[in-house]
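Me: Please take a close look at one packing contact in this model. Then set some other sites beside it, in one connected account.

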Amino acid sequence: MTSATPAVRPRFEDKLRAIVGEAGLVTAGDEREPYEIDWLRKWRGRGSVVVRPGTTEEVAQVMRLCNEARIPVVPQGGNTGMSGGATPDDSGAQVILSTTRLRAVREVDPLNNTITVEAGVPLARVQEEADGVNRFFPLSLGSEGSCTIGGNLATNAGGIAVLKYGNTRDLALGLEVVLPDGRIWRGLRGLRKDNTGYDLRDLFIGSEGTLGIITAAVLKLFPKPAARATAWVGCAGLEQLVRLLARVRDACGDRLVAFEMLTGPSLRLILDQVADVRNPLEGPHAYHALIEVADTRDEGLAALLERSLAQAVGDGLIDDAAIASSLSHRLSFWKIREGISQAQVRAGKAVKHDIALPVSVLPRFVEAAETAVRGVMPHAHIVNFGHLGDGNLHFNVLLPKNASAGKVAEANALLNRVVHDLVVENGGSISAEHGIGQLRRDELRHYKSAVEFDLMMTLKQAIDRNQIMNPGKLI
């Protein structure tokens with residue numbers, strides 16, 4: 001280990017070591033580096049030290065120490081975020097508090113359909129623990145092998161099953177949280193009904209580590225789906241897909257789990273950049289959708305979906321459809337959808353917009369946004385895909401791979417204003433599932449009403465009086 005950086009005095013570092021032990025402290029520069037850069041390698045900072053508490057009580061002691069010394073703290077889970085919310089600044093003055101050693105599964109209760117886990121438990125492990133008692137935890141993300149429950153909660157992560165099960169906020173019943181001054185709120189209640197005042201749980205979920213550190217949670221479990229049916233469809237326009245969504249929802253009800261959309265150019269990008277994928281349909285289509293239904297009973301589920309799509313073809317809503325005939329066939333559909341992030345990274349540098357709008361206005365918005373973007377960037381390569389079922393689009397613009405940092409920054413500023421102005425005009429949100437972090441902090445200030453922003457700041461100042469929690473993020 002190297003000596004402490006000047007930002008953290010050796011005596012302070014010794015106090016941290018006394019709390020978490022040698023295994024809970026990372027001070028050497030090369031060992032700190034994975035904690036100082038986000039997984040997209042877009043943000044890089046310099047922390048003074050990385051502290052890895054092993055218990056909630058250790059987190060509380062660390063926070064009490066940092067609060068008394070007025071040393072800022074950057075909470076970090078699996079470090080898989082998309083908005084730079086867990087990356088320190090370059091001052092060398094911030095303590096990175098990693099929750100990855102909080103890995104206990106405290107309780108699995110299949111009768112209450114709950115699981116209680118600590119913040120550092122990977123999402124994939126929660127899924128496995130649920131499966132082990134014949135239950136299902138529906139949150140599913142591309143990073144589920146490395147992202148942690150604490151990070152999922154802090155960012156209110158979305159994923160591919162929001163249409164049926166909701167965001168992470170909807171999957172949590174109770175929390176345990178360490179406050180900035182080291183006090184512990186023990187709110188681990190597995191209750192569906194608790195009408196006893198302000199909902200503190202929802203205050204911390206989605207707060208991106210700016211109000212406290214989530215150390216454990218009680219999460220909802222569900223019956224395991226026994227049957228799934230998956231289809232890929234192609235059509236001429238987004239209006240048709242929105243109408244198809246309504247029709248499939250009417251026919252299948254809450255068995256509709258996913259309705260994912262991508263444009264023809266987005267599919268072409270994936271086919272060009274990702275190995276072992278092929279177009280599920282014959283010929284090109286302007287829009288594509290991946291549809292999945294699931295149920296605890298297999299009572300003609302595939303036939304129900306097939307009838308709905310056959311009628312849609314007959315009515316001219318869609319031009320073609322393919323129903324997955326096996327598990328491998330289904331997985332080949334999902335590999336295409338999940339390949340879009342990898343394809344963008346390989347093909348260029350994306351200006352990303354993680355936006356949400358009412359489903360009914362999506363066709364109007366997309367037409368206006370494409371026109372507006374091409375008005376300022378005539379040859380823009382628009383990569384439009386997302387979770388159509390819940391109104392969450394990733395309306396991105398792909399820049400050349402050799403675009404300079406200056407060009408990317410210029411394009412970000414220009415395109416954000418163009419796209420986000422239209423989002424707000426149409427009653428939407430500039431962040432649907434990836435959070436604000438440092439990526440959209442200035443945008444949030446631009447679009448939040450004065451009343452909303454004042455309420456947020458009032459909460460922040462009341463809970464984090466010394467302003468040490470994740471400075472420079474969210475607000």
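Reply: An axis is a line fitted to C-alpha atoms, for helices over the stretch in contact, and angles run from 0 to 180 degrees between N-to-C directions. Helices (H or I, at least four residues) and strands (E, at least two) are DSSP runs, numbered from the N terminus. The model is predicted: local features need pLDDT of at least 70, side-chain atom pairs count only at pLDDT 80 or more, and totals for chains, interfaces and linings use all residues. Residues are numbered from 1 along each chain as its sequence is written, and side-chain values use heavy atoms, with hydrogens and water left out.

The pair in view is helix 9, residues 264-273, and helix 12, residues 340-347. Their axes are 9 Å apart and meet at an angle of about 75°. Helix 9 and helix 12 are therefore roughly perpendicular (65 to 115 degrees). On the helix 9 side the contact (heavy atoms within 4.5 Å) is made by Ser266, Leu269, Ile270 and Gln273. Helix 12 supplies Ile340, Ala343, Gln344, Arg346 and Ala347.

Next come the aromatic rings. Rings of Phe, Tyr and Trp (its six-membered ring) pair if their centres lie within 6.5 Å, and the count by this rule comes to 5 aromatic pairs. The rings of phenylalanine 365 and phenylalanine 395 have centres 6.1 Å apart and planes at 70°, so this pair is edge-to-face (over 60 degrees). Phenylalanine 365 belongs to helix 13 (residues 362-376) and phenylalanine 395 to strand 19 (residues 392-400), so the pair ties together parts that are 30 residues apart in sequence. Both phenylalanine 365 and phenylalanine 395 are buried (under 20% relative accessible area, with a 1.4 Å probe and protein chains only). Elsewhere, Phe136, Tyr165 and Phe222 form one aromatic cluster.

Glycine 300 sits in the loop that runs between strand 14 (287-295) and helix 10 (301-314).

Strand 14 itself contains alanine 294. Alanine 294 is buried, with a relative accessible area of 5%. Apart from neighbours within four places in sequence, alanine 294 touches Pro225, Ala227, Arg228, Arg255, Val257 and Leu301. Glycine 283 is 11 residues away from alanine 294 along the chain, and their C-alpha atoms are separated by 28 Å.

Glutamine 94 is another buried site, at 3% relative accessibility. It lies in the loop between strand 3 (73-76) and strand 4 (95-98). Leaving aside neighbours within four places in sequence, its contacts are Gly47, Ser48, Val49, Pro72, Val74, Pro88, Asp89 and Pro471.

Two backbone angles remain. Most residues other than glycine have a negative phi. Arginine 41, however, has a positive phi near 60°, and leucine 474 has a positive phi near 60° as well. Arginine 41 is in the loop between helix 2 (29-36) and strand 2 (49-51), where its 58% relative accessibility counts as exposed (over 50%). Leucine 474 lies in the segment after helix 16 (450-463) and is buried, with a relative accessible area of 9%.

Terms used. Rings of Phe, Tyr and Trp (its six-membered ring) pair if their centres lie within 6.5 Å; planes under 30 degrees apart count as stacked, over 60 as edge-to-face and the rest as tilted. Angles under 35 degrees count as roughly parallel, over 145 as roughly antiparallel, 65 to 115 as roughly perpendicular and the rest as oblique.
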